[in-house]
Amino acid sequence: MGDQKGITIPDLSRYRSGILRLRGLRLIHTHLRGEPLTGEDLTDLALLRLDMMVALNFNDTDASELIYSAHLLPYNPDKKVWEIDPPSSVSHFDVDFLKWIQSLEDEFQRGQRSIPLKGVKEKAILISVSKETRESSENSMEELKELAGSSGVFVVDFIIQRPQNISPTTLMGEGKLKELLVKCMQLGVDLIIFDQNLTPGQMATISDFTELRVLDRTQLILDIFAQRAHTLDGKIQVELAQLKYLLPRLARKTLALSRLTGGIGGRGPGETKLEIDRRRVGDRIHLLEKELEKLSRRREQRRSRRAKTEIPILSIIGYTNAGKSTFFNLLTKSQFQVEDKLFSTLDTATRRLRFPKINKVVITDTVGFIKDLPKELMGAFRPTFDELKESNLLIHLIDISHPRFPEHIESVEKILYELKLDHIPRLRVFNKEDKLSREEVETFCRKYDGISISALQPDSLEKFFLAIEGKLWEKSHSMNCIDNVKLTNGGSSDISNINFQMRVREDDGDLS
């Protein structure tokens with residue numbers, strides 16, 4: 001019921017709230033000016049997921065009584081959101097509603113089951129809303145798809161929007177959110193992932209508006225890290241980053257769970273559930289930071305003992321999924337897990353190995369970098385990045401077969417600058433040379449001043465060893481930091497047979 005201006009829809013929170021089903025309610029109201037269903041009617045139909053929207057139209061001029069109705073549609077090739085039925089007179093409107101609505105919900109269920117999960121548990125729609133160029137947005141979306149796949153999420157669809165004005169509260173406009181909501185219901189999706197990082201207010205507004213679970217780019221990366229962390233350091237760092245990201249997003253106040261206190265000034269709502277949650281998160285953050293300080297002191301002791309031995313330290317860095325773990329396994333004859341996924345390796349690994357001309361070196365495999373690395377990760381993983389400060393040489397591994405490898409180089413260089421590691425000598429090594437022609441590889445090597453290898457072909461490592469020895473020999477002369485480097489008179493034949501010339505000793509990382 002309402003007046004000539006409109007009606008007020010009551011709170012529907014006690015009715016069905018699952019996004020995969022209709023609400024279980026139909027809305028019947030009157031139109032007093034002879035108009036059909038309005039845009040507001042159709043918006044309410046979509047956003048509230050109503051079974052049906054019905055308008056009774058009474059026109060005093062010709063005494064006609066018409067019924068206008070509309071309902072949502074399951075997934076269809078035309079991508080129609082709703083079906084508006086032709087107007088019918090009241091006397092001829094005869095629908096077995098329960099039978100009809102059961103048939104409609106069965107169609108929705110069939111459409112949701114038609115999308116295979118391929119062994120993953122969740123389905124999601126990816127969204128990008130920015131003013132960047134179309135090419136840049138599409139490239140970023142491709143990377144977001146890879147991140148979602150690495151997290152175990154099946155990407156059902158994606159949306160790229162480049163509006164003139166971005167909404168400060170929802171990023172997307174209300175119309176796009178309405179279409180998104182219906183599409184999620186049609187496809188059986190209850191998770192949406194934004195390529196942009198959302199503010200706490202934006203995340204709460206979008207979640208309330210759509211009743212969907214909402215993640216942004218940073219949360220997705222944190223989830224991947226949580227799955228990949230196996231060492232104590234890694235687990236603490238991931239949990240700390242997640243809690244720091246969660247703290248400002250604990251913004252839902254409720255008096256229902258408040259604690260009443262007595263005395264003057266203490267009557268009424270006391271410490272709310274929100275405040276309790278914030279305090280507990282703060283306490284946990286403080287505890288984890290203390291644990292990290294202890295682990296950091298232990299790492300510092302190991303680094304100091306390692307420095308006394310004056311063994312050169314090499315660190316493999318690079319964009320995620322560039323092949324660092326495969327390369328590390330080849331060099332050290334290790335068996336670390338290798339997957340064609342972003343951030344498949346999170347925990348660092350250190351091994352000691354013997355070069356043909358250089359007596360011994362320590363080589364470390366590090367976590368991969370990514371474009372626009374979240375600040376939360378930069379802070380929480382700083383102890384891991386501090387390991388790079390002691391390196392004598394950074395081996396920047398680059399996937400030369402990736403179409404956007406120049407952007408990857410730029411992203412890694414930017415992160416090294418932010419971490420104040422750009423002063424450490426670097427050697428650019430282009431991986432996967434077997435996927436390009438010889439001419440293309442040589443052109444890129446000349447342009448970016450690097451060498452090329454294939455981590456799957458041991459014979460290609462000869463150039464790598466020569467380059468490493470050249471870099472360390474040059475550094476030993478300029479800084480007098482490597483005194484035990486002894487070069488023989490042999491040429492490339494000294495390193496042609498890797499299986500015999502290289503001696504690798506695996507240990508637990510304590511290289512004192």
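**Exercise 1. The second largest pocket**

Task: Find the volume of the second largest pocket, then work out which residues and elements line this pocket.

Solution. Step 1: the second largest pocket has a volume of about 790 Å³. The model is predicted, so local features need pLDDT of at least 70 and side-chain atom pairs count only at pLDDT 80 or more, while totals for chains, interfaces and linings use all residues. Residues are numbered from 1 along each chain as its sequence is written, and side-chain values use heavy atoms, with hydrogens and water left out.

Step 1: recall the terms. On a 1 Å grid over the protein atoms alone, a pocket is an open set of points with protein on both sides within 12 Å along at least five of seven lines; a cavity is a set where a 1.4 Å probe fits but cannot get out; lining residues have an atom within 4 Å of a point. Points are joined across faces, edges and corners, and a volume is the space filled by probe spheres set on them.

Step 2: 31 residues line this pocket, and Gly6, Ile7, Thr8, His29 and Thr30 lie nearest its centre. Two or more lining residues come from each of β1 (2-3), β2 (6-7), β3 (26-31), α1 (39-47) and β4 (52-58). Here helices (H or I, at least four residues) and strands (E, at least two) are DSSP runs, numbered from the N terminus. β3 gives the largest share, 6 residues.

Step 3: sort by class. The lining has 14 nonpolar, 8 polar and 9 charged residues, where Ala, Val, Leu, Ile, Met, Phe, Trp, Tyr, Cys and Pro count as nonpolar, Asp, Glu, Lys and Arg as charged, and the others, Gly among them, as polar.

**Exercise 2. Ser140**

Task: Is Ser140 buried or exposed, and what does Ser140 contact beyond its sequence neighbours?

Solution. Step 1: Ser140 lies in helix α3 (residues 134-151). Step 2: its relative accessible area is 6%, so Ser140 is buried (under 20%; exposed is over 50%, partly exposed in between; 1.4 Å probe, protein chains only). Step 3: leaving aside neighbours within four places in sequence, Ser140 is in contact (heavy atoms within 4.5 Å) with Asp195, Arg217 and Lys371.

**Exercise 3. Strand β12**

Task: Describe how β12 is covered and which strands pair with β12.

Solution. Step 1: 6 of the 6 residues of β12 (residues 313-318) are buried. Ile313, Ser315 and Ile317 are on one side, with Leu314, Ile316 and Gly318 on the other.

Step 1: β12 pairs (at least two DSSP bridges between strands) with β14 (residues 361-365) in the parallel sense over 4 bridges, and Leu314 stands opposite Ile363 there. Step 3: β12 also runs parallel to β15 (residues 393-399), joined by 5 bridges; Ile317 stands opposite His396 in β15.
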